[in-house]
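Trainee: I would like to read a protein model step by step. Could we go through it together?

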Amino acid sequence: MWETEYFLPIKKHYRLPPGKGGIVKVKGERVAVYRDNEGMLHILDPSCSHLGCIVSWNDAEKTWDCPCHGSRYSATGEVIDSPAVSGLPEKKVEK
């Protein structure tokens, strides 16, 4: 099941519960945000490395899924399924 893309102000994504992810806007730029079960926040570039489509959070599988050609990434950005051959890079965000 695909989770609908949503946008949150920068301060609200810090309240993201463990095990959840989503696309948020930070200073006008989209980022993929995931909070692991230890509470660490992972911020990634949401552009699929295959053709640049924006991934979405799959809450059932805890993966980032590309709607264009089916690439899948782990919650922390590693490639699970091709056609993508490289992961989602980390993104630096100013608070």
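Trainee: How many helices and how many strands does the protein chain have?
Mentor: This is a predicted model, in which local features need pLDDT of at least 70, side-chain atom pairs count only at pLDDT 80 or more, and totals for chains, interfaces and linings use all residues. Residues are numbered from 1 along each chain as its sequence is written, and side-chain values use heavy atoms, with hydrogens and water left out. Helices (H or I, at least four residues) and strands (E, at least two) are DSSP runs, numbered from the N terminus. From that end the elements run β-β-β-β-β-β-β, and the count is zero helices and seven strands.

Trainee: How many bridges pair S1 with S2?
Mentor: Strand S2 covers residues 29–35 and pairs with S1 in the antiparallel sense.

Trainee: Which residue in the turn between S2 and S3 has a positive phi of about 95 degrees?
Mentor: S2 and S3 run antiparallel and are joined by four bridges. Arg 35 has Leu 41 in S3 as its bridge partner. The two strands form a hairpin with five residues between them, and the turn residue you want is Gly 39.

Trainee: Lys 27 is not a glycine, yet its phi is positive. Is Lys 27 buried or exposed?
Mentor: Lys 27 lies in the loop between S1 and S2, and its phi is about 50 degrees. Buried means under 20% relative accessible area, exposed over 50%, partly exposed in between (1.4 Å probe, protein chains only). Lys 27 has a relative accessible area of 67%, so the label is exposed.

Trainee: In what order do the strands of the four-stranded open sheet lie?
Mentor: Here too the pairing is antiparallel. Strand S4 (56–58) and strand S7 (79–81) stand at the edges, each with a single partner strand. Strand S5 (residues 63–65) and strand S6 (residues 72–74) pair over three bridges, with Thr 63 opposite Ser 74. The order is S4-S5-S6-S7.

Trainee: How far apart in space are Asp 59 and Lys 20, C-alpha to C-alpha?
Mentor: Asp 59 lies in the loop between S4 and S5. At 23% relative accessibility, Asp 59 counts as partly exposed. Asp 59 and Lys 20 are 39 residues apart in sequence, and their distance in space is 6.9 Å.

Trainee: Which residues touch the most other members of the largest nonpolar core?
Mentor: A nonpolar core is a set of buried Ala, Val, Leu, Ile, Met, Phe, Trp, Tyr and Cys residues joined through side-chain atoms within 4.5 Å. The largest one has 13 residues, and those touching the most other members are Cys 48, Val 55, Trp 64, Tyr 73 and Leu 88. A second, separate core of six residues includes Leu 16, Val 24, Val 26 and Val 33. Back in the largest core, then, the names you asked for are Cys 48, Val 55, Trp 64, Tyr 73 and Leu 88.

Trainee: What kind of pair do the rings of Trp 57 and Trp 64 form?
Mentor: Rings of Phe, Tyr and Trp (its six-membered ring) pair if their centres lie within 6.5 Å; planes under 30 degrees apart count as stacked, over 60 as edge-to-face and the rest as tilted. There are two aromatic pairs by this rule. In this one, the centres are 4.9 Å apart and the planes stand at 65 degrees, so the pair is edge-to-face.

Trainee: Which residues do ring pairs link into a cluster?
Mentor: Trp 57 is buried, with a relative accessible area of 2%. Trp 64 is buried too, at 0%. The cluster consists of Tyr 34, Trp 57 and Trp 64.

Notes
Pairing = 2+ DSSP bridges.
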